[in-house]
Amino acid sequence: MISLQFITHHTEKYSYLDSARMALEGGCKWIQLRMKEAPLEEVEAVALQLKPMCKEHDAILILDDHVELAQKLEVDGVHLGKTDMPVAEARQLLGEAFIIGGTANTFEDVEMHYRAGADYVGIGPFRFTTTKKNLSPVLGIEGYTSIISQMQQAGIQLPVVAIGGITYQDIPDIMRTGVNGIALSGTILQAENPVEETTRILSIPL
Ligand SMILES: Cc1ncc(COP(=O)(O)OP(=O)(O)O)c(N)n1
Ligand SMILES: Cc1ncsc1CCOP(=O)(O)O
Ligand SMILES: [Mg+2]
């Protein structure tokens, strides 16, 4: 089965928690609670509701950005970008048991996260998306092919999750570049039935 990380978002129809619930009901086993611009107390309140839901579905729960909160709530890990706590510092604080992901847009970013002890890298964006502001340059298929090939040449073995504007149709081509998984938000939440869309995506043959 395809490795799918669902990134929470809120829309006119759905709350952050609804978005995660639908992905879990569709069979997703990895949720990233991403609540940009929400106060920490609000992130904590949603995380406290989401943690037992993820446990019930045997799914991993990581938080976007909030290292101390991840530690306090004993969720599974965090995802960190350029303006967040550095991966090495988060590793010091959290220890080996927590999953730590880092954002990359170039091979140099991947190398840095690898040396710092990240468990995976989220490489993107694949294409333009409105889900995130201040996007790095879009990578397209060529971008992933190039970064994966540089990783192989450098002997860097680190799971890669592709992210950013990815739709159902894109997945087979992206997976063929050698990435290990896909992170999605908008394409699931904009589907007529997000639960069914999650299941449909997870059923894509590898
Ligand atoms: C899997 C994954 N990859 C990349 C990102 C982007 O993280 P970051 O650069 O910190 O940006 P924000 O998500 O915090 O806006 C991600 N969240 N997940
Ligand atoms: C968090 C993040 N980082 C790079 S693109 C992105 C948003 C992914 O969401 P979508 O699948 O809706 O483009
Ligand atoms: Mg961040």
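Reply: Contact means that heavy atoms lie within 4.5 Å. By that rule, and leaving aside its neighbours within four places in sequence, threonine 187 is in contact with Ile166, Thr167, Tyr168, Glu197 and Ile201. This is a predicted model, in which local features need pLDDT of at least 70 and side-chain atom pairs count only at pLDDT 80 or more, while totals for chains, interfaces and linings use all residues. Residues are numbered from 1 along each chain as its sequence is written, chains are lettered from A and ligands numbered from 1 in the order in which they are written, and side-chain values use heavy atoms, with hydrogens and water left out.

Me: Why does threonine 187 count as buried?

Reply: Buried means under 20% relative accessible area (exposed is over 50%, partly exposed in between, with a 1.4 Å probe and protein chains only), and threonine 187, at 17% relative accessibility, therefore counts as buried. Its place is in helix 8 (residues 186-189), where a helix is a DSSP run of H or I with at least four residues and a strand is a run of E with at least two, both numbered from the N terminus.

Me: Which residues does UniProt list for "domain: Thiamine phosphate synthase/TenI"?

Reply: The unreviewed entry lists residues 5-187 under that name, although UniProt annotations may be inferred rather than shown by experiment. In the model, the end C-alpha atoms of residues 5-187 lie 13 Å apart, and the span is 41% helix and 19% strand.

Me: What makes strand 1 largely enclosed by the rest of the structure?

Reply: Four of the five residues of strand 1 are buried, so the strand is largely enclosed by the rest of the structure.

Me: How do you know which strands pair with strand 1 (residues 3-7)?

Reply: Two strands pair if DSSP finds at least two bridges between them. Strand 1 is joined to strand 8 by four bridges, the two running parallel, and in strand 8 the bridge partner of serine 3 is glycine 181, while that of glutamine 5 is alanine 183. Strand 1 also pairs in the parallel sense with strand 2 (residues 30-33), over two bridges, and there phenylalanine 6 stands opposite isoleucine 31. Between strand 1 and strand 2 the chain passes through helix 1 (residues 16-25), in a β-α-β crossover that is right-handed; the word is used if, with the strands pointing away from the viewer, the path from the first strand over the helix to the second runs clockwise.

Me: Which residues of strand 8 (residues 181-184) lie on each side, and are they buried or exposed?

Reply: Gly181 and Ala183 lie on one side of strand 8, Ile182 and Leu184 on the other, and all are buried, which leaves both faces covered. Strand 7 (residues 160-163) is joined to strand 8 by three bridges in a parallel arrangement, with valine 161 opposite glycine 181. The chain passes from strand 7 to strand 8 by way of helix 7 (residues 171-176), and this crossover is again right-handed.

Me: What pairs with strand 6?

Reply: Helix 5 (residues 107-116) carries the chain across from strand 5 to strand 6 in a right-handed crossover. Strand 6 also pairs with strand 7 in the parallel sense, over three bridges, and the bridge partner of valine 121 in strand 7 is valine 160. Strand 6, helix 6 (residues 140-154) and strand 7 form a right-handed β-α-β unit.

Me: How do you know which residues coordinate the magnesium ion (ligand 3)?

Reply: Donors are N, O and S atoms within 2.8 Å of the metal (3.2 Å for Na, K and Ca), and water is not among the atoms, so sites may look incomplete. Asp65 (OD) and Asp84 (OD) coordinate the ion at 2.0 to 2.2 Å, and they therefore qualify as donors under that limit. Aspartate 65 lies in the loop between strand 3 (60-64) and helix 3 (67-73), and aspartate 84 in the loop between strand 4 (77-80) and helix 4 (87-94), 19 residues apart. At 18% relative accessibility, aspartate 65 counts as buried, and beyond four places in sequence it touches Lys36, His79, Leu80 and Asp84.

Me: Where does UniProt place the feature "binding site"?

Reply: The unreviewed entry places it at Asp65 and Asp84. They span 20 residues in sequence, yet no two of their C-alpha atoms are more than 6.0 Å apart, so they gather at one spot.
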